[in-house]
Amino acid sequence: MRLPNGYTLPATIAIVLHITAILAVANIWQKEHQFPVKATPDHVKAKLIALKPATNKPAVAKKPPAQKPRSQPDKDKLAEQKAKEAAKRKAEAEKQKRIQQEKARKAQQAKLKKQKEEQARKVREAKLKQEKLKKQKEEQARKEKLRQEKLKKQRAEKVRREREAKLKREREEKLRKQREAAKKAQEAELAALLAEEEEAEENARIAATQAEKVSAIVGVITQTVQNYWSRPPTARRGMQVVLQIQMVPTGEVINVTVTQSSGDSAFDRAAVRAVEKAERFPEVRQINSVTFERDFRSMRFVFRPEDLAG
């Protein structure tokens with residue numbers, strides 16, 4: 001394998017150090033697992049003389065050969081090796097402990113990272129869900145707004161149609177009333193014309209009747225005044241006097257004056273006295289009030305006795 005420039009020397013040194021460390025460990029391990037050397041006992045020469053029955057004496061246990069005690073330098077060396085091995089195991093244990101702690105820390109960090117990522121994912125999902133819910137609500141609100149606007153337009157259209165129908169009905173009703181009013185006005189006008197004609201005819205008939213009555217009443221008054229008239233000695237043919245006679249509706253005379261003299265005062269006074277003696281003309285009550293006011297309330301009376309007529 002070809003190393004990059006500048007890494008050859010450090011790599012070589014590292015390999016040498018590793019080999020040295022491996023050899024040292026192997027030497028130490030060999031020393032720790034070296035079995036102690038048993039001391040070989042010296043051979044003893046014996047001779048069997050005779051076999052004797054066994055006695056009741058207990059057999060004496062044969063003592064193992066005593067080991068040869070180690071020397072003090074070996075003990076110190078062994079203790080030193082054990083101390084080094086213990087220190088190495090302790091260092092290894094601490095190393096393993098640190099490795100485990102590092103693994104636990106990394107695992108905790110990974111767990112926290114995973115929890116954070118999971119929490120972030122949940123936050124994102126919740127945010128997306130909220131945004132989705134917000135969009136759904138906005139869409140629902142937009143649809144509801146459109147629906148309300150549509151309903152509003154429909155109601156406005158309905159109101160407009162109802163208003164137009166109402167206005168149409170009102171116009172038709174107004175035209176109908178106008179036609180009825182015009183018809184009634186025409187009928188009333190025609191009726192008024194007819195009434196006027198009838199009234200005119202009636203008035204004419206009444207007037208004719210009243211004229212006849214007036215003429216008759218005037219004849220009666222003239223005859224009555226002549227009846228009460230006393231001829232004065234100065235009376236001559238062709239004389240006449242005009243009197244103004246005032247009466248009430250009962251025909252009672254309340255005043256009489258001379259408006260045009262005959263030229264003879266005796267004749268005039270005789271005419272006035274004749275009217276005063278008559279006092280009342282009850283025939284006046286036969287006429288209506290209009291005719292009375294017109295012809296008899298203040299009556300112009302021309303007195304010309306028949307026997308003096310020319």
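**A walk through the helices and surface**

Let's start at Leu-9, which sits in helix H1, spanning residues 8-32. Residues are numbered from 1 along each chain as its sequence is written. This is a predicted model, in which local features need pLDDT of at least 70 and side-chain atom pairs count only at pLDDT 80 or more, while totals for chains, interfaces and linings use all residues, and side-chain values use heavy atoms, with hydrogens and water left out.

Leu-9 counts as exposed because its relative accessibility is 59%; exposed means over 50% relative accessible area, buried under 20%, and partly exposed in between (1.4 Å probe, protein chains only). Together with Ile-13 and Leu-17, Leu-9 forms a nonpolar surface patch with about 320 Å² of accessible area. Members of such a patch have over 30% relative accessible area and no salt bridge, and nonpolar side chains (Val, Leu, Ile, Met, Phe, Trp, Tyr) are joined within 5 Å. A salt bridge here is a side-chain nitrogen of Lys or Arg within 4 Å of a carboxyl oxygen of Asp or Glu.

Now hop over to Gln-226 in helix H2, residues 72-228. Gln-226 counts as buried because its relative accessibility is 16%. Leaving aside residues up to four places away in sequence, Gln-226 touches Phe-303, Arg-304, Pro-305 and Glu-306, where contact means heavy atoms within 4.5 Å.

Stepping back, the protein has four helices and three strands, arranged from the N terminus as α-α-β-β-α-α-β. Helices (H or I, at least four residues) and strands (E, at least two) are DSSP runs, numbered from the N terminus. Of the 310 residues, 14% are buried.

Conventions:
Patches are made of residues with over 30% relative accessible area and no salt bridge: like charges are joined within 9 Å, nonpolar side chains (Val, Leu, Ile, Met, Phe, Trp, Tyr) within 5 Å. Accessible areas come from the Shrake-Rupley method with a 1.4 Å probe; for residues, only the protein chains shown count as cover.
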